[in-house]
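Subject: Structure handover and notes

Hello,

Please find the structure below, followed by notes on what was found in it.

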Amino acid sequence: MENPFRKVTTLEAVMEYFHDGMTLMFGGFGGVGSPPDIIDGILAKGVRDLTLIGNDTGFPHIGIGKLVSQQRASKVIASHIGSNPFAGQLMHEGKLEVEFSPQGILAERIRAGGVGLPAILSDIGMDNELVMKGKPYISLADKRYLLETALTAEVSIVYAKKADEYGNLIYDKSARNTNPLVAMAGDITIAEVEEIVPLGNLDPDAIITPGVFVDYVILSKGVNWKWAWE
């Protein structure tokens, strides 16, 4: 009988979870820590009308920026879009809806979604129309706060340094970024990893994302773009 805790599969197998109009959450910071094979798989499948949730819109040909540049997204929830001029252009042309969320608040909204909280309260961005747009206020102890709703997604995609067959994940330095939070907040979480090791080969104290949050693990072919700063 197949062990249901063993989560290693192929890129082709997980492509069934990606479809037009879906909500997709991604790890990464300017492309660092974003899963290259999964992103290319989504492009190849022709998936469109995505709602993307993540730190930023990458660069035009790096990370999630590939999907944005090819107009596969209809909405983005991010902390900034400045590194991808296509995102700004599409926003101003009315072809891309952008919801801005301060970086720390965005991370906390994702964390809240991952642990089952409906929302958080924040006084960050109350002087910024882009941040405040459409959000209700809550009064608490004679102070006003913005109600920031939690964020979840149909599918979360993350990138890790190592995984074992149960989906326990270890990240590589700054490539860790938002990945551990994103991994918690998807109905389905798919991890693309540089190396898959046998059970027992990961130091338990080094594991950042427990396998309970991960549904599938695929082996990466490696980063297939040149970084903007090289």
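To start with a detail: which backbone oxygen lies 2.8 Å from a polar atom of the side chain of S34? The backbone oxygen is that of G27. This counts as a polar contact, defined as a pair of N or O atoms within 3.5 Å; within protein, one must be able to donate a hydrogen and the other to accept it, and residues adjacent in sequence count only if both atoms are side-chain atoms. S34 is found in the loop between strand 1 and helix 2 (36-45). With a relative accessibility of 3%, S34 is classed as buried.

Some conventions first. The model is predicted, so local features need pLDDT of at least 70 and side-chain atom pairs count only at pLDDT 80 or more, while totals for chains, interfaces and linings use all residues. Residues are numbered from 1 along each chain as its sequence is written, and side-chain values use heavy atoms, with hydrogens and water left out. Helices (H or I, at least four residues) and strands (E, at least two) are DSSP runs, numbered from the N terminus. Buried means under 20% relative accessible area, exposed means over 50%, and partly exposed is in between (1.4 Å probe, protein chains only).

Helix 2 is mostly covered, with seven of its 10 residues buried. These are P36, D37, I38, I39, G41, I42 and L43.

L52 belongs to strand 2 (residues 50-53) and is buried, at 1% relative accessibility. From L52 to D164 the distance is 28 Å, C-alpha to C-alpha, and the two are 112 residues apart in sequence. I77 is part of strand 3 (residues 73-78) and is also buried, at 6%. Between the C-alpha atoms of I77 and L106 there are 8.5 Å, with 29 residues separating the two along the chain.

Salt bridges

Side chains of opposite charge can pair when their charged atoms come close. How many salt bridges does the structure hold? There are 12, a salt bridge being a side-chain nitrogen of Lys or Arg within 4 Å of a carboxyl oxygen of Asp or Glu.

One of them joins E108 and R111, whose closest N and O atoms are 2.8 Å apart. The two residues are three apart in helix 5 (residues 103-115), so about one helical turn separates them. E108 is partly exposed, with a relative accessible area of 28%, and R111 is partly exposed with 28%.

Another links R109 to E148, with the closest N and O atoms 3.8 Å apart. Because R109 lies in helix 5 and E148 in strand 7 (residues 143-149), this pair ties together parts that are 39 residues apart in sequence. Both R109 and E148 are buried. They also belong to a network of salt bridges that links K75, E97, E99, R109, K135 and E148.

K95 and E93 form a salt bridge as well, the closest N and O atoms being 3.4 Å apart. E93 is partly exposed, at 42% relative accessible area.

Rings

How many aromatic pairs does a search of the whole structure find? The search finds one. It consists of Y17 and Y216, whose ring centres are 5.4 Å apart and whose planes are at 35°, so the pair is tilted. Rings of Phe, Tyr and Trp (its six-membered ring) pair if their centres lie within 6.5 Å; planes under 30 degrees apart count as stacked, over 60 as edge-to-face and the rest as tilted. Y17 sits in the loop between helix 1 (11-14) and strand 1 (23-26) and Y216 in strand 11 (residues 216-219), so the pair ties together parts that are 199 residues apart in sequence. Y17 is partly exposed at 22%, and Y216 is partly exposed at 26%.

R144 lies over the face of Y137, 4.0 Å from the ring centre. For this, NZ of Lys or CZ of Arg must be within 6 Å of the ring centre and within 35 degrees of the ring normal.

Regards
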